[in-house]
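Subject: Structure handover

Hello,

Here is the structure for you to look at. My notes follow below it.

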Amino acid sequence: MDLRDQLFQQATTEYAEGVSRLVHSYVRSKAERDDLLQEIWLGLWRALPTFRGDASLKTFVYRIAHNRCVTELTRRKPYHGSDDELLELEDNQPGPAERLVAERKSEQLVRAVQKLPLGLRQTLTLRLEGLSYAEISEVLGITESNIAVRLNRAKERLNICLLGSAK
């Protein structure tokens, strides 16, 4: 197994779930998520020969994922569906009432995050994936102080959105 194979396996093993959550914040349907994930992993595979180790593998992976997501958003037509479509649960398995409440809250949060402006959504999603301010700065190409501002604005908007819908 050569270095490229090792790095790809490490990236898919360590960051697959995080990249999947990142993609989920950009697109709504499962089919779109699956297509975008496939594009991201293909893009990573193609880009690995250029990986020099100047950045961590984590930031390299998230930079590629971020760029692919932004490219997809610019190519896509605006979403004109109703918000009612977003209320459907992907997991139709019956469960206890507590699980249903938790799932609805989670879906409400995902919808609220998806409604944030792109810059705020990118920053918040990367932070929720555990990237440091320095790593987010490297992925997005903005200063760490700008990241702090964006995170505060994202939190304020989410509070307004979530508290407003609870009434």
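Cys 161 has a relative accessibility of 31%, so Cys 161 counts as partly exposed. Please keep in mind that this is a predicted model. Cys 69 is at 1% relative accessibility and therefore counts as buried, the cut-off for that being under 20%. A search for disulfides over the whole structure came back with zero.

Next, the helix pair α3 and α7. Helix α3 covers residues 57-75 and helix α7 covers residues 133-140; their axes come within 9 Å and cross at roughly 45°. The two helices are therefore oblique to each other, and the crossing of α3 past α7 is right-handed. On the α3 side the contact is made by Lys 58, Thr 59, Tyr 62, Arg 63 and His 66, and on the α7 side by Glu 135, Glu 138, Val 139 and Leu 140. Sorted by class, this contact has four charged, three nonpolar and two polar residues.

Tyr 62 also turns up in the surroundings of Gly 18: with neighbours within four places in sequence left aside, Gly 18 is in contact with Tyr 62 and Glu 129. Gly 18 is part of helix α1, residues 3-24. Its relative accessibility is 5%, so Gly 18 counts as buried. How far apart are Gly 18 and Glu 129 in sequence and in space? They are separated by 111 residues in sequence, while the C-alpha to C-alpha distance is 5.8 Å.

Regards

Notes
Residues numbered from 1 in each chain as written. Predicted model: local features only at pLDDT ≥ 70, side-chain atom pairs only at ≥ 80, totals over all residues. Heavy atoms only, no water. Axes fitted to C-alpha atoms, helices over the stretch in contact; angles between N-to-C directions. Helix = DSSP H or I, 4+ residues; strand = E, 2+ residues; numbered from the N terminus. Parallel < 35°, antiparallel > 145°, perpendicular 65-115°, else oblique. Left-handed = near helix turned anticlockwise from the far one by under 90°. Contact = heavy atoms within 4.5 Å. Nonpolar A, V, L, I, M, F, W, Y, C, P; charged D, E, K, R; others polar. Buried < 20%, exposed > 50% of the residue type's maximum accessible area, 1.4 Å probe, protein only. Disulfide = S-S within 2.5 Å.
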